[in-house]
Amino acid sequence: MTAVPMPTVDLAPGLTVSAQGYGAMSLTPVYGPISDEAALHTLARAIDIGITFIDTANVYGEGHSEELVGRVLRDRRDEVQLATKFGLSRGTPGAGRSIDGHPDSVRPYLEASLGRLGVDHVDLYYLHRVDLSVPIEDTVGAMAQLVAEGKVRYLGLSEVTADELRRAHAVHPIAAVQSEWSIFSRDVERAVVPAAAELGVGFVPYSPVSRGLLSDAFDPDQIVGGDMRAHFPRFGADAIAHNLTLRKEVRAVAAEANATTPQVALAWLAAVARRLGVVSVPIPGTRHPQRVEENAAAVAVELTDEQVDRLDGLAEQVIGNRSADPTWVSAGRE
Ligand SMILES: NC(=O)c1ccc[n+]([C@@H]2O[C@H](COP(=O)([O-])OP(=O)(O)OC[C@H]3O[C@@H](n4cnc5c(N)ncnc54)[C@H](OP(=O)(O)O)[C@@H]3O)[C@@H](O)[C@H]2O)c1
């Protein structure tokens, strides 16, 4: 596949990133096995073709994703805009995973991430989940201190409600909100995307390929071992067969647009974000260099309004929540 030129986007004033990022959770075996060698190769390929906005978190692979990103960045730090996150501790959804947004925890989390990444600063530092036992103003106040010290350039929040975003933004400018958003997960469009558009905050849709559902390669039999999708209701035995039928219309649009199903998923997001007036940079994840290239090529796929409209109604037909615990994501608290 020939790489298409990758445009850049101003996610926030002064934070220019590639129009599509790379989600480095996939460098660890969350959606199937991956060797370190393959992970390093895939990430290097992403950067080679101009995907410079790299997204990781302290919790991915219990730090291993950050270590792998650090290995690739050893002599390429200046080529990328590096984002990581803090605030989640190990465990699986509903089984021991916990949130820590205490102001005293913010600095040690960052120091540990900088160490694993082998860098002296990150470009974007996200609170991974809001700690409901701590006022968000306090967590963001501690994050702002790290900006003042030059260890972090911009602040981000993940899965915040519109109200939480406004409160945080009043303490320190928030550059980006990162939440799940795709053809199959549209709840963020109700409140948090409009709030981000109004405040001039960028949006980083995660799981834009719906954790693989919006691809032709997905097969429920792949969900074995520690695959995190086993925890999500929409991937459950009572939902998955129905949800897979919803790909039919996406495939039909893909055939018309001379594109692939994941490319249509990404092109749909771009069109809807434009409609809603928000700057948006999706971060698909994959273990395979050729799929990095396939996803990147979506920046050149334009859907017609009629095609976008045909895909608009699919989310409400999806059976099963996108999270095991509804309050874990913004829609459960809006
Ligand atoms: N803030 C948060 O709470 C949060 C939550 C989840 C994710 N994230 C971030 O967002 C990133 C993206 O999320 P995600 O990994 O769930 O995104 P995603 O791209 O929607 O899903 C990844 C899955 O889709 C498959 N896939 C991706 N592109 C494909 C293609 N072109 N053809 C076939 N299959 C394809 C991958 O399979 P293969 O590996 O087999 O290609 C993988 O199983 C993560 O890496 C992470 O950085 C953040």
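Which residue stands opposite Leu 127 in E6? Before you look, note that this is a predicted model, in which local features need pLDDT of at least 70 and side-chain atom pairs count only at pLDDT 80 or more, while totals for chains, interfaces and linings use all residues. Residues are numbered from 1 along each chain as its sequence is written, and side-chain values use heavy atoms, with hydrogens and water left out.

**First stop: the sheet.** Select strand E5 (residues 81-86) and strand E6 (residues 122-127), which pair in the parallel sense over four bridges; here Phe 86 is the residue that stands opposite Leu 127. Helices (H or I, at least four residues) and strands (E, at least two) are DSSP runs, numbered from the N terminus, and two strands pair if DSSP finds at least two bridges between them. Now widen the selection to the open sheet of seven strands, which has the order E3-E4-E5-E6-E7-E8-E9 with parallel pairing. Strand E3 (22-23) and strand E9 (202-206) stand at its edges, and because each has a single partner strand, one side of each is left without a neighbour in the sheet.

**Second stop: two loop residues.** Most residues other than glycine have a negative phi. Select Glu 62, in the loop between strand E4 (53-55) and helix H2 (64-73), where phi is near 50°, a positive value. Glu 62 is partly exposed, with a relative accessible area of 45%. Then go to Asn 258, in the loop between H8 and H9, which has a positive phi of about 55° although it is not a glycine. Asn 258 is exposed, with a relative accessible area of 74%; buried means under 20% relative accessible area, exposed over 50%, and partly exposed in between (1.4 Å probe, protein chains only).

**Last stop: a lining.** Finally, select Asp 187, Val 188, Arg 190, Ala 191, Ser 330, Ala 331 and Glu 334, which line the second largest cavity. A cavity is a set of points on a 1 Å grid over the protein atoms alone where a 1.4 Å probe fits but cannot get out, and lining residues have an atom within 4 Å of a point.

Notes:
On a 1 Å grid over the protein atoms alone, a cavity is a set of points where a 1.4 Å probe fits but cannot get out, and a pocket is an open set with protein on both sides within 12 Å along at least five of seven lines; lining residues have an atom within 4 Å of a point.
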